[in-house]
Amino acid sequence: MNQKELREIRRRIRPEHNSITHLYGCYVNGAKEIISTLEESLGLLTQEEQEKYLALLKKTLSGALGKNLLNISFATKQVLDSEEHRLLSALRKSEGKDAALREQFYRTVMEKLDMDGENYLILLAFDTYDVPHYGKDGSMDDAGEVYKYMLCAVCPVKGGKAELGYAPEEKRFHSATAGQVVSAPELGFLFPAFDDRAANLYSALFYTRDSKADHADFIDAVFRTEVPMPAGRQREHFEGLLSDTLEQDCRFDVLQSVHEQLSERITLHKESKDPEPLTLSPEEMGDILENSGATSQERERFVRRCEETFGAEAELLPGNLSNPKRMEIQTPEVKIQVSPEHSELVQARVLEGRKVIVIDASNGVELNGVPVHIAEGAALVTE
């Protein structure tokens with residue numbers, strides 16, 4: 001799915017736009033026991049209740065593609081004949097109305113999912129979207145796709161904090177407990193994915209609130225596919241690959257250039273308004289490294305290790321490998337942050353035998369918010 005398709009489905013998750021008739025759920029305690037099940041007619045709920053439920057579901061379509069939203073791919077043999085795909089497809093076909101299928105899905109999740117002993121709610125919804133199709137003249141015709149999909153959200157349920165509440169009949173404030181509160185989803189998914197504005201039965205879109213968590217237990221239980229590497233772990237591996245590949249040649253200017261090139265590509269892609277995510281292959285990453293001053297041998301070594309770590313056909317998202325908003329330079333005593341477009345103002349030097357970081361201060365300096373003057377002959381240097 002690309003960003004445009006994601007926004008199109010997100011717009012569906014509103015009381016006035018979707019065709020969701022029922023909400024289904026299962027409330028599970030920390031001991032993996034079912035406390036209660038949920039089956040609500042959306043039309044019979046108050047507007048406030050509708051909005052709260054839909055907000056939970058909509059949250060599973062939030063965040064960045066490749067970071068919070070990860071593509072889950074099914075192998076052909078899974079789609080043709082596998083227990084996990086049959087269950088998801090049957091749930092989708094029945095629109096959740098089959099209680100036995102819902103029970104099977106709940107049990108599948110409960111057996112494997114570890115929520116650190118917390119209570120949680122498994123929330124399910126099913127929608128049918130008549131995808132509009134537009135002709136060359138811009139007019140809508142009747143050749144659109146019918147996209148049937150399911151949304152799942154797994155939400156922690158936590159005890160509310162005791163608050164002071166006002167009792168009008170007594171004209172006094174009393175301690176009042178909010179009870180069990182459903183929190184924003186920790187994870188969830190959309191099945192099937194909405195690719196090229198149509199259902200793709202070979203793919204699902206998985207959501208994780210924490211981009212560093214892989215939720216391998218849930219993915220294995222529901223999809224039985226390879227777990228995508230979390231965005232946070234991708235950056236750690238990438239930084240390790242750079243350090244191991246360059247070794248003694250891991251110079252300040254080389255890494256500075258790598259960061260600048262990645263940030264520039266991210267900026268240009270954003271300006272192009274291309275809905276497809278920006279991705280780079282290991283070979284393209286090797287080109288960036290060589291253009292930054294690495295040798296051809298270092299480039300080849302990096303590409304080989306990159307393919308071993310991420311896969312030969314990996315499509316790496318630059319935003320997962322480097323922070324496009326700031327470059328961070330750190331010593332044991334000092335941390336410096338600078339935006340990528342101004343990174344040339346920071347240089348590494350050796351002055352009088354001392355290794356220093358030099359910052360161009362021509363545009364002025366503030367100390368604790370107060371503008372300060374640098375006297376002639378003084379040096380603004382951080383060791």
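Mentor: Some ground rules before we start: residues are numbered from 1 along each chain as its sequence is written, and side-chain values use heavy atoms, with hydrogens and water left out. As the model is predicted, local features need pLDDT of at least 70 and side-chain atom pairs count only at pLDDT 80 or more, while totals for chains, interfaces and linings use all residues.

Trainee: How many helices and strands does the protein have?
Mentor: Both kinds are DSSP runs numbered from the N terminus: helices are H or I with at least four residues, strands are E with at least two. Going by that, the protein has eleven helices and 21 strands.

Trainee: Is N2 buried or exposed?
Mentor: N2 sits in the segment before α1. Buried means under 20% relative accessible area, exposed over 50%, and partly exposed in between (1.4 Å probe, protein chains only). N2 has a relative accessible area of 7%, so N2 is buried.

Trainee: Which side chain does the side chain of N2 make a polar contact with?
Mentor: A polar contact is a pair of N or O atoms within 3.5 Å; within protein, one must be able to donate a hydrogen and the other to accept it, and residues adjacent in sequence count only if both atoms are side-chain atoms. The N2 side chain also reaches the backbone nitrogen of E5, at 2.8 Å. The side-chain partner, at 2.9 Å, is E276.

Trainee: Why does R11 count as partly exposed?
Mentor: Look in the loop between α1 (3–10) and β1 (22–28), where R11 has its place. R11 counts as partly exposed because its relative accessibility is 42%.

Trainee: What is the relative accessible area of L367?
Mentor: You'll find L367 in strand β19, residues 365–367. With V370 and V372, L367 makes a nonpolar surface patch of about 260 Å². L367 is exposed, and its relative accessible area is 56%.

Trainee: How far apart in space are Y106 and A314?
Mentor: Y106 belongs to helix α5, residues 99–112, and is buried with a relative accessible area of 2%. In sequence, Y106 and A314 are 208 residues apart. In space, C-alpha to C-alpha, they are 33 Å apart.

Trainee: What percentage of the residues in the protein is buried?
Mentor: Picture the C-alpha atoms filling a box of roughly 75 × 65 × 50 Å, taken along the principal axes. The protein has 383 residues, and the buried ones make up 40%.

Conventions
Patches are made of residues with over 30% relative accessible area and no salt bridge: like charges are joined within 9 Å, nonpolar side chains (Val, Leu, Ile, Met, Phe, Trp, Tyr) within 5 Å. Accessible areas come from the Shrake-Rupley method with a 1.4 Å probe; for residues, only the protein chains shown count as cover. A salt bridge is a side-chain nitrogen of Lys or Arg within 4 Å of a carboxyl oxygen of Asp or Glu.
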